[in-house]
Amino acid sequence: MTKHFSGRTAATLAALSLAVALTACSADADTRAEADTGAATDPGAALSHIHGLGLRGDTLYIATHQGLHTPGADGRPTPVGDRRDDFMGFTVTPDGTFLASGHPAPSAAGPADLGLVASTDAGISWREKSLGGEVDFHALDTASDSTVYGYDSANGLLRVSPDGVTWEDRATLRALDIAVSPTAPGTVLATTESGVLRSTDGGRTFAPGAGRVLAYVSWGAPDALFGVDQDGVLFRGTAGGTVWTRVSTVPGGAPQTLTVVDARRLLVATQDGVYESRDAGIRFERRAAVTTGEGGH
């Protein structure tokens, strides 16, 4: 029997679904430290628990529970570098620097939280920039003026840094993902169970969430704002993220993360693959295999 839901009921279900994902974000340290040993030890195994996607040149990088990977010509993932940290937050800056956060591999020494770490050689080596042992950012993004935005999920806090070294605490909120405007460094969006929140003062305050409930958002260019909901339905944002228009449904089930490169090129990780679109989300091609996980964050 087919069930039909009203717009209000559908929005409520979407909010509940996102609330489950938000609850998963705050799992305790023991749960977060569990290792998916099969994927970690077999370079050809399908990936799971994807937390971030990025491009450097035309090479795709996939941040996972078992470190950074890149797919080969056959789509099988290859580990990058020697670190197998759980990269919960990941982004590639305009100058090609990799920024990440999360937790060290179970076998690694050191504190439970990585703080902010950076790589200038495409993930081969990493160095700590700040907040080691203090913060686990589950979402990271950078503005056009190099300002770094990080969502501290453990404390429900948006933190902002001009250089990735010194930080200022901004708004307290319960979010899953953030996205910063490519043209207005003070404009930031946050996905919450009540809708997409918008700030125009650098994340100090947010207007109440209303309307579309999305899981992940990414703002790759002035005309390239996209969001995806918990069912994998892709939307394009206009009017600074206040209006969302349905585009398509991404293959592969529930999303794990979204990265927008430009107005035509998008990367989405879902339950069965990392997919790429080169026509603004109309069609998608699978770039790498993914095993069913519990979501990206």
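In these legends, a residue counts as buried when its relative accessible area is under 20%. The model shown here is predicted.

**View 1**
With a relative accessible area of 0%, Phe 98 is buried. A search of the whole structure finds five aromatic pairs.

**View 2. Phe 87 and Trp 126 form a tilted aromatic pair.**
Here the centres are 4.9 Å apart, with 40 degrees between the planes. Phe 87 sits in strand β5 (residues 86-92), while Trp 126 is in the loop between β7 (116-119) and β8 (127-130); the two are 39 residues apart. Are these two residues, Phe 87 and Trp 126, buried or exposed? Both are buried. If you follow the ring pairs, you will find Tyr 61, Phe 87, Phe 90, Phe 98 and Trp 126 linked into a cluster.

**View 3. Arg 83 and Asp 85 are joined by a salt bridge.**
Side chains of opposite charge can pair when their charged atoms come close. The N to O distance between Arg 83 and Asp 85 is 2.5 Å. Asp 85 is buried, with a relative accessible area of 4%, whereas Arg 83 is partly exposed at 29%. The whole structure holds twelve salt bridges.

**View 4. A salt bridge connects Asp 169 with Arg 159.**
The closest N and O atoms of Asp 169 and Arg 159 are 3.1 Å apart. Because Asp 169 lies in strand β12 (residues 168-172) and Arg 159 in strand β11 (residues 157-161), the pair ties together parts that are ten residues apart in sequence. Asp 169 is partly exposed at 44% relative accessible area, but Arg 159 counts as buried at 14%. Elsewhere, salt bridges that share partners join Asp 58, Arg 265, Glu 276, Arg 278 and Arg 287 into one network.

**View 5. Asp 279 makes a polar contact with Ser 277.**
Look for Asp 279 in the loop between β22 (273-277) and β23 (285-289). The contact runs from side chain to side chain, at 2.8 Å. Asp 279 counts as buried because its relative accessibility is 10%.

Technical notes:
Residues are numbered from 1 along each chain as its sequence is written. This is a predicted model: local features need pLDDT of at least 70, side-chain atom pairs count only at pLDDT 80 or more; totals for chains, interfaces and linings use all residues. Side-chain values use heavy atoms; hydrogens and water are left out. Helices (H or I, at least four residues) and strands (E, at least two) are DSSP runs, numbered from the N terminus. Buried means under 20% relative accessible area, exposed over 50%, partly exposed in between (1.4 Å probe, protein chains only). A polar contact is a pair of N or O atoms within 3.5 Å; within protein, one must be able to donate a hydrogen and the other to accept it, and residues adjacent in sequence count only if both atoms are side-chain atoms. A salt bridge is a side-chain nitrogen of Lys or Arg within 4 Å of a carboxyl oxygen of Asp or Glu. Rings of Phe, Tyr and Trp (its six-membered ring) pair if their centres lie within 6.5 Å; planes under 30 degrees apart count as stacked, over 60 as edge-to-face and the rest as tilted.
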